[in-house]
Amino acid sequence: MMQVLLRMLPYYYRHVHAYENTLVTKFFGLHRVRPSSGQKFRFVVMGNMFCTELRIHRRFDLKGSSLGRSTEKIKIDENTTLKDLDLNYSFYLEPSWRDALLKQIEIDSEFLRNHSIMDYSLLLGFHYRARQNLQIGSSCPESILPDKLTVLSEADAAEKDSAYNYRDGLILVQRGSDKNGSDAVGPHIRGSRLRAPSGCFEEVDLLLPGTGRLPIQLGVNMPARAEKEGKQEEGSKSLHHMYDVVLYIGIIDILQKYNMTKKIEHAYKSIKYKYNPLSISAVEPQFYSERFLKFVGTAFPQNSSNQ
């Protein structure tokens, strides 16, 4: 895989410079070490998507395939990486943010497809901003959708913070410059800050009581509403649980080419075990990209108010 990275490096460099909000894994170094009494080995240094002061309560590795894509662990905790078949959430973003996110994922997927890369994943983690939840019917009332995010001035936010009710929604505050007037966006080095919803052209931060300001970037510190499907009782409507969350999103594992080994794997699983070829993770890059984008689109549906 190191050879894949080295061959792709000039194109990767141009891609991350052309698209400052790219969600593709950030590589910071490729090293080779030979211990004095051992065999040489290579390793890469990559950005940590979950480098945040907030706890990541759930994390998912999503490929868009179904074969073998579930965790076998009985006890699920914050360190468990769940998979496609475990995903029972839908994530509702502010409409313009959703459009920007899906567009960037499409651009990144096209880049990987053009280099015959497959088997990559959307790594998604989220922080429960409030542990309270609302149990509602199958349709979501507009009052709890993220297009209702409130944008406040810094002074108003400080005044409201002390008596803030979590169920009122998420507080966004207009961007405040640091003491040096720097445009730095934090340790993620992900790209430009997002602007406020509702036609406001100000860049915004997310204000969480007790944690201070968090700059909102594409894939980093993104406030959303997570709708979790509840178990349906016989003879009753299914219940959905709604949570305020903060999302962290990126595309990882981008060094697997669709080579002869992967072609053999696909053929073997299709013929030997008679698996549905469309459900196998190892498929040619064009189909992998299409399946991946379709799955991501279903995980981030449009708000019902926009349908």
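Predicted model: local features only at pLDDT ≥ 70, side-chain atom pairs only at ≥ 80, totals over all residues.
1. Arg193 and Asp205 are both buried. The two residues form a salt bridge, with 2.7 Å between the closest N and O atoms. Arg193 is in the loop between β9 (171–174) and β10 (204–208) and Asp205 is in strand β10, so the bridge ties together parts 12 residues apart in sequence.

2. Some overall figures give the setting. The protein chain contains 5 helices and 13 strands. It has 307 residues, of which 47% count as buried. Of the contacts between residues at least 6 apart in sequence, 69% join residues at least 24 apart.

3. How many salt bridges does a search of the whole structure find? The search gives 7. In general, side chains of opposite charge can pair when their charged atoms come close. The Arg193–Asp205 pair of point 1 is one example, at 2.7 Å; others follow.

4. Asp119 and Lys63 form a salt bridge in which the closest N and O atoms are 3.5 Å apart. Asp119 belongs to the loop between α2 (95–114) and β6 (121–128), and Lys63 to the loop between β3 and β4, so the bridge ties together parts 56 residues apart in sequence. Both Asp119 and Lys63 are buried.

5. A further salt bridge joins the side chains of Glu78 and Arg55, at 2.5 Å from N to O. This pair links distant parts of the chain: Glu78 is in the loop between β3 (58–62) and β4 (81–82), Arg55 is in the loop between β2 (41–46) and β3, and 23 residues separate them. Is Arg55 buried or exposed? Arg55 is exposed, because its relative accessible area is 52% and the cut-off for exposed is over 50%. Glu78 has a relative accessible area of 26% and is therefore partly exposed.

6. Asp244 lies in strand β13 (residues 240–252). Its relative accessible area is 7%, so Asp244 counts as buried. The C-alpha atoms of Asp244 and Phe126 are 9.8 Å apart in space, while the two residues are 118 apart in sequence.

7. Arg69 is in the loop between β3 and β4. With a relative accessible area of 8%, Arg69 is buried. Which residues does Arg69 touch, leaving out those up to four places away in sequence? They are Asp61, Leu62, Lys63, Lys83, Asp84, Leu85 and Asp86. Lys83 is 14 residues from Arg69 in sequence, and their C-alpha atoms are 5.3 Å apart. Lys63 in this list also takes part in the salt bridge with Asp119.

8. Asp108 sits in helix α2. Its relative accessibility is 0%, and Asp108 therefore counts as buried. Beyond its neighbours within four places in sequence, Asp108 is in contact with His15, Thr22, Leu23, Val24 and Ile251.

9. A surface patch of positive charge is formed by Arg32, Arg34, Lys40 and Arg42. Among them, Arg32 is placed in strand β1 (residues 27–33). Arg32 is exposed, with a relative accessible area of 55%.

10. Two backbone values are worth checking. Most residues other than glycine have a negative phi. Asn221 is not a glycine, yet its phi is positive, near 60 degrees. Asn221 lies in the loop between β11 (212–215) and β12 (222–229) and is buried, at 4% relative accessible area. Asp253 likewise is not a glycine and has a positive phi of about 55 degrees. Asp253 is found in the loop between β13 and α4 (260–272) and counts as partly exposed, at 43% relative accessibility.

Definitions and conventions. Residues numbered from 1 in each chain as written. Heavy atoms only, no water. Salt bridge = Lys/Arg side-chain N within 4 Å of Asp/Glu carboxyl O. Helix = DSSP H or I, 4+ residues; strand = E, 2+ residues; numbered from the N terminus. Buried < 20%, exposed > 50% of the residue type's maximum accessible area, 1.4 Å probe, protein only. Contact = heavy atoms within 4.5 Å. Patch = residues over 30% accessible without salt bridge, like charges linked within 9 Å, V, L, I, M, F, W, Y side chains within 5 Å. Areas by Shrake-Rupley, 256 points an atom, 1.4 Å probe, with all protein chains shown as cover. Lys, Arg positive; Asp, Glu negative; His and termini not counted. Charge placed at Lys NZ, Arg CZ, Asp CG, Glu CD.
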